[in-house]
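Open the model in your viewer and keep the selection panel at hand. The tour goes from one selection to the next.

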Amino acid sequence: MRVPLSWLCDFAPFDLDPRELGLVLDDLGMVVEGIEHVGAGLDGVVVARILDIESIPGLDRVRLTRVDPGDGAALEVACGAWNIEVGDVVPLATVGTTLPNGMTIGRRKLKSVVSNGMLCSSVELGLGDDSAGILQLPADSTPGTPLAEALGIRSDVVYDLAIEGNRPDANSVAGVARDAAARLGLPFALPEPVVARKGEPAGAWASIEVDSPDLCPRFTATVITGVEIGDSPPWVQRRLVLAGMRPINNVVDASNYVMLELGQPTHPYDLTLLEGAGLRVRRARPGERLTTLDGVERRLGEGDDCLICDATDRPVGIAGIMGGASSEIGPETSTVLLEAAYFSPMAIARTSKRLNLRTEASARFERGCDPEGIDLAVERFCEVVGTGQVAPGTLDERRGLAPPEPISLRTARLNALLGTDLTDEAVRGYLVPLGFEAAPVEPGLHRVRPPTFRPDATVEVDLVEEVARHHGYSKIPRTVPHSPYVGRLTPYQRDRRLLRSILVGAGVNEAQTPSLVGPGDHERAGLRGARPIVAANPMIQEESVLRTSLLPGLLRSVSFNVARRSPDVAFFEIGSVFSRPAPDREVKGRDALLPDERERVAVALAGEGGDAVAAKHLLDSLVEGLRLADVALEEGVSEGLHPRRAARVTASGAEVGLVGEVDPGVTAAWGIQGRLGWLDLDMSALLSAPRRPLEQRPISRFPSSDIDLAFVVPEDVAAATVQRALQDGGGDLLVGLDLFDVYRGDRVPQGTRSLAYRLRFCALDHTLTDAEVAEARARCIDAVATITGARLRG
């Protein structure tokens, strides 16, 4: 929003340096995006009247004009703009003039003609943003008059402000001035127009009717007769140009002027073009169409579109956004019906967005205007328009408008939020100049009623923000918040990182596979009992089912690498799996059948050394690194895994996962040859399992002794049982135990298998003798035979 300093000074005596005022506006939250000095650099620019226009041979886009610069001699000037006609009065930059943009005007030869100067747009003169054509001056301007004198131009400063959507009060010059005056402690006053009303009352000229008060809680109409359409006074035109608007005529300019000054949009109609001499406000009907002032036919009737209609119910405007072409103010207008209303902000916002039609009026209505500021806006319009006679009385319909609710403001709460120590008097001192009514209830408590032009202030924290803005954020000392809670990883997060580090240290690469898999991927992975949840709107069919296991994704990754001649891979993934909730967890309504989501870690070991033994070794590494207590393997069959080379993993009696090999039929289905080791653990159960205390173990400086023992073990005896028996027999001297071979075949009886272990013995205080090693060996053999019934293989 462009705001001239001279306009601000109509409301408060701002006599400080313009840059300092810009800093004040910036600090109040009205961000100053630019400060422009205008009115300088116009020496040498004079008023000129166009006498003739003709084409230039060989040039299609430039014409030759002959203008009267005021000295009686016609001057030839080439011009590329096409919005000029013979008789127009325009600004002429004479030869030698340096314009505000730094351009110096000289004589130029174009084909067979010489251009002696330049006809200027408002942008080139630094008087506005309209670069579409030459600036049109009042028709009664005298040629030869300096442009600054003709327009009454004084040197001025224009602030380009970025007003946020939560500051409807700042969408006007008066609102900006009020905010700045309150900060600087300057007196602020709104205009007090004096308008004489004569003749027949407004009700004798027109009528109004509001059928949709929810869309339009207040609607007023004022009649002005005897209007003469012409140019606005130079001071009005100048302010509009500086604010970025193009002057049109005195009636339309007065409406735009009041909107910019007070933030209240109005709309003037030609009363003689309104059938039935009245206005009606109603919801649009489905399929209704209206041609707006921009010449576009628009389809209405969806949602809460609000229409302004004439007394015969014919639409003549889209409420709060844009009027219709049928009742537009024109040169023949003599009687004006001025609409000034308050519309529902959300209704205007929805219609504006749906029609992709955003105007200065809609921008203000959708943020919230002042329903009680309509009367001042109407009086100000009648004063600025400067023509005609205002009929006594205003047609006014209002329904459903309630005064703003009072808000309780606690000084202690305010100081706690801001980190200040403001007193009760200081708090009220910041709010009252902004238009708030603030009365003390008791020490530390205020009853504050927001003004009607502040619909954004509805709760206590809104008032805190206002106090903060005017106290100054820069005055609030910076403090580091103190909290008993210091940011840190949770125990679960620390253990998950440790688990990831152990796996990476073991040479396993982390993979990330999609949580959505294909419809047949579970069956292909051997998970035939899975009842996966199907996505309602998948991006692609190949990823339309929530995985119930990490197995399909890792099988796909291994298969991808095998197909590209990289068979020796080791992947792990930490991710969520999803299953249907248990019946006792099902709920009704919107949250019905929410899936159970659990985090698991899975490892796939392919290629050379990728088997159940390697998976068990990796499990041992995790058990050791996480210090898990009483971890055991129990026989069990699981879908997708080898029926004889897989086991359930338990910790302190609770199941935490699976270890073994993937079923050969499954690996074949994925194009994977050889064995595939598999480890699948429930992260929550694993990391919540009991832990061994952290112990410091001394390291022996004496040599160790290794022996190998192979046992013929019944198939129904788990290898873990044999391992525990060896640990019991070896005692403190057994420092290493490794299962390095499993054999089934002709050399062992049917229903048994051979398990070969490597045992390492070592003492802390001496080198073990052969006799000591032999004794320990014998204890281990006896323990296995006693506990499992196995025998030593010869």
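The stops below cover aromatic pairs and then a helix packing.

This is a predicted model, in which local features need pLDDT of at least 70 and side-chain atom pairs count only at pLDDT 80 or more, while totals for chains, interfaces and linings use all residues. Residues are numbered from 1 along each chain as its sequence is written, and side-chain values use heavy atoms, with hydrogens and water left out.

**Aromatic pairs**

There are 4 aromatic pairs in the structure (rings of Phe, Tyr and Trp, the last by its six-membered ring, with centres within 6.5 Å; planes under 30 degrees apart are stacked, over 60 edge-to-face, the rest tilted).

Select Phe-11 and Phe-188: this pair is stacked, at 6.1 Å centre to centre and 15° between the planes. The two residues are 177 residues apart in the chain. Phe-11 is buried at 4% relative accessibility, whereas Phe-188 is partly exposed at 26% (buried means under 20% relative accessible area, exposed over 50%, partly exposed in between, with a 1.4 Å probe and protein chains only).

Next select Trp-235 and Tyr-257, an edge-to-face pair with ring centres 5.6 Å apart and planes at 85°. Trp-235 lies in helix 5 and Tyr-257 in helix 6 (helices are DSSP runs of H or I, at least four residues, numbered from the N terminus).

**Helix packing**

Finally, select residues 491-505, helix 13, and residues 612-626, helix 16. Among the residues that meet here are Leu-498 and Ile-502 in helix 13, and Leu-618 and Leu-622 in helix 16 (contact means heavy atoms within 4.5 Å).

Conventions: Axes are lines fitted to C-alpha atoms, for helices over the stretch in contact, and angles run from 0 to 180 degrees between N-to-C directions.
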